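Here is a short report for a first look at this structure. Please keep the view open while reading.

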Amino acid sequence: MQYRQLGRTDLNVSALCLGTMTWGEQNTEAQAFTQLDRAKAAGINFIDTAEMYPVPPRPETYAATEHCIGSYLKARGDRAKWILATKIAGPGNGITHIRDGHLKFNRKHIRAALDDSLRRLQTDWVDLYQLHWPERSTNFFGQLGYQHQEGDFTELEETLEVLDEEIKAGRIRHIGLSNETPWGTMKYLQLADSRGWPRAVSIQNPYNLLNRSFEVGLAEIAIREQCGLLAYSPLAFGMLSGKYENGARPANARLTLFQRFARYNNPQARAACSRYVALAREHGLSPAQMALAYVTAQPFVTSNIIGATTLEQLESNISSIELELSGEVLKEIEAIHTGQPNPAP
């Protein structure tokens, strides 16, 4: 396993992070335990979760993922060996069952959310506490064509001030952003530097062969400000694994089960995906491992968040760390990207 510095902290996280958002929906607690044990054996020391998980979010399964992780940490007694990240949910996104649906990044909500996450995770602290998506109206979750809207949202100063208080109380070690824009990222960093508040050490945004939009404005920030990318959806909801080629819908797969996940399933994305899958197979590579290896190798990536519903998938994803793509493969990836750039932003 490779390890990389998390922002400007003294923490070194594994280059692969174990994603957990299927636990409690597509995966049982017992399967979550098996995945965690396998990840630990492979040298993964980084777990990412959220109060909202599992997905799709619904009242019946709310926070089941954090409960799974908490049960594991209690059973194994190895909390200190893990770097644990979770997130506070933002407003909208069809969520009405968390804090009555009126979600804010203010003092009241952050403290309530953190209280509950710590209880479920059965721990006294979170290593990385992330704002899951902006409270303000802006571009995230694939929205293009920014249209400015004035509206009420918690002042970023209040958000950082209460996070600073929680760090001083020892309940959070570091903070991170997620689904954030270049303006939001730089504003948080500027306020932190000018006020002595905690600096975001990471940004968790989507990044994969079908969606490289992070490169346009945020990659430079990630490197220059040491606020590296925690890349989510590196397989574009499994599209880049090749399992959905030619309209296939494998039993129990995410796109088979849930219509919600359509972000990477438009005609342009399917066409580009087929070219990437064919490229991998032409070179004798696993399409999933090629896609993951590409993401992990980018200089602005701190950790690549891999998720799996089966142990076989997890084994394959972990093995991607050993793959170094040849110059020829990288050249052909760029040719596909040039012909069909970011078909599913």
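Which residue's side chain meets that of Asp164 in a salt bridge? The partner is Lys168, with N and O 3.1 Å apart. This is a predicted model, and the distances below are computed from it.

**Within helix 4**

Lys168 and Asp164 both belong to helix 4. They sit four residues apart, about one turn of the helix. Asp164 has 12% relative accessibility, so Asp164 counts as buried, because buried means under 20%.

Salt bridges with shared partners also form one network. Its members are Arg107, Arg111, Asp115, Glu161, Glu165, Glu166 and Arg171.

Glu166 is buried, at 4% relative accessible area. Arg111 is partly exposed, at 33%.

A further salt bridge joins Glu315 and Arg38, whose closest N and O atoms are 2.7 Å apart. Glu315 is in helix 10 (residues 311-319) and Arg38 in helix 1, so the pair links parts 277 residues apart in sequence. Glu315 counts as partly exposed at 30% relative accessibility. Arg38 also counts as partly exposed, at 25%.

How many salt bridges does the structure hold? The count is 26. Three of them are set out here.

| Salt bridge | N to O distance |
|---|---|
| Glu315 and Arg38 | 2.7 Å |
| Lys168 and Asp164 | 3.1 Å |

**Buried parts**

Helix 1 spans residues 29-41 and includes Gln35. Is Gln35 buried or exposed? Gln35 has 2% relative accessibility, so Gln35 counts as buried. Which residues does Gln35 contact, leaving aside neighbours within four places in sequence? They are Leu18, Trp23, Asn27, Ala308, Thr309 and Leu314.

Helix 9 covers residues 287-296. It is mostly covered, with 10 of its 10 residues buried. Among the buried residues of helix 9 are Pro287, Gln289, Met290, Leu292, Tyr294 and Thr296.

Technical notes. Residues numbered from 1 in each chain as written. Predicted model: local features only at pLDDT ≥ 70, side-chain atom pairs only at ≥ 80, totals over all residues. Heavy atoms only, no water. Buried < 20%, exposed > 50% of the residue type's maximum accessible area, 1.4 Å probe, protein only. Helix = DSSP H or I, 4+ residues; strand = E, 2+ residues; numbered from the N terminus. Contact = heavy atoms within 4.5 Å. Salt bridge = Lys/Arg side-chain N within 4 Å of Asp/Glu carboxyl O.
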